[in-house]
Amino acid sequence: MAATDKLKIVAERKGLTMAELAVAWVLRIPEVSVALVGAKDSEQVRMNSTAGSYAELTADEIAEIGEILDNAPETGVGHLRALPNPVD
């Protein structure tokens, strides 16, 4: 089964769209304070604006999504220090 199909199951189990699940996944990282998302209509704007406020992921869901993606970013400030500084 493809990763997108597995993620769709996780999203449906929580009553979320794939976009809402993606926003929740990104916003779970402490260093991320905002998710920049696009929208093609007013319904998507509404969904995007509320996704982070009600779509909290449990530790089990985070682990499940991490396994599905097999590339889950580490959380914590340490992983950001390894990134190149664009100003240098």
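Residues count from 1 along each chain as its sequence is written, and side-chain values use heavy atoms, with hydrogens and water left out. Because the model is predicted, local features need pLDDT of at least 70 and side-chain atom pairs count only at pLDDT 80 or more, while totals for chains, interfaces and linings use all residues.

**Stop 1: helices α1 and α4**

Start by selecting α1 (residues 3-14) and α4 (residues 59-69); helices here are DSSP runs (H or I, at least four residues), numbered from the N terminus. Their axes come within 9 Å and cross at roughly 165°, the axes being lines fitted to C-alpha atoms over the stretch in contact, with angles from 0 to 180 degrees between N-to-C directions. That makes α1 roughly antiparallel to α4 (an angle over 145 degrees).

Now show side chains. On the α1 side, pick Ala3, Lys6, Leu7, Val10, Arg13 and Lys14; on α4, pick Glu61, Glu64, Ile65, Ile68 and Leu69. These make the contact (heavy atoms within 4.5 Å). Sorted by type, the set has 6 nonpolar, no polar and 5 charged residues (Ala, Val, Leu and Ile are among those counted as nonpolar, Lys, Arg and Glu among the charged).

**Stop 2: two salt bridges across the pair**

How many salt bridges does a search of the whole structure find? It finds 3, each a side-chain nitrogen of Lys or Arg within 4 Å of a carboxyl oxygen of Asp or Glu.

Zoom in on Glu64 and Arg13, whose side chains meet at 2.4 Å, N to O. This bridge ties α4 to α1 across 51 residues of chain. Glu64 is partly exposed at 28% relative accessible area (buried is under 20%, exposed over 50%, partly exposed in between, with a 1.4 Å probe and protein chains only).

Next, select Lys14 and Glu61, with closest N and O atoms 3.1 Å apart. Lys14 sits in α1 and Glu61 in α4, 47 residues apart. Lys14 is partly exposed at 28%, whereas Glu61 is buried at 13%.

**Stop 3: along α3**

Jump to α3 (residues 42-54) and select Arg46 and Glu43, a salt bridge at 2.6 Å. The two are 3 residues apart, so about one helical turn separates them. Arg46 is partly exposed at 43%, and Glu43 is too, at 38%.

**Stop 4: Asp70**

Finish at Asp70, in the loop between α4 and α5 (77-81). Is Asp70 buried or exposed? Asp70 is exposed, at 69%. Its C-alpha lies 9.4 Å from that of Ala3, 67 residues away along the chain.

Methods:
Angles under 35 degrees count as roughly parallel, over 145 as roughly antiparallel, 65 to 115 as roughly perpendicular and the rest as oblique.
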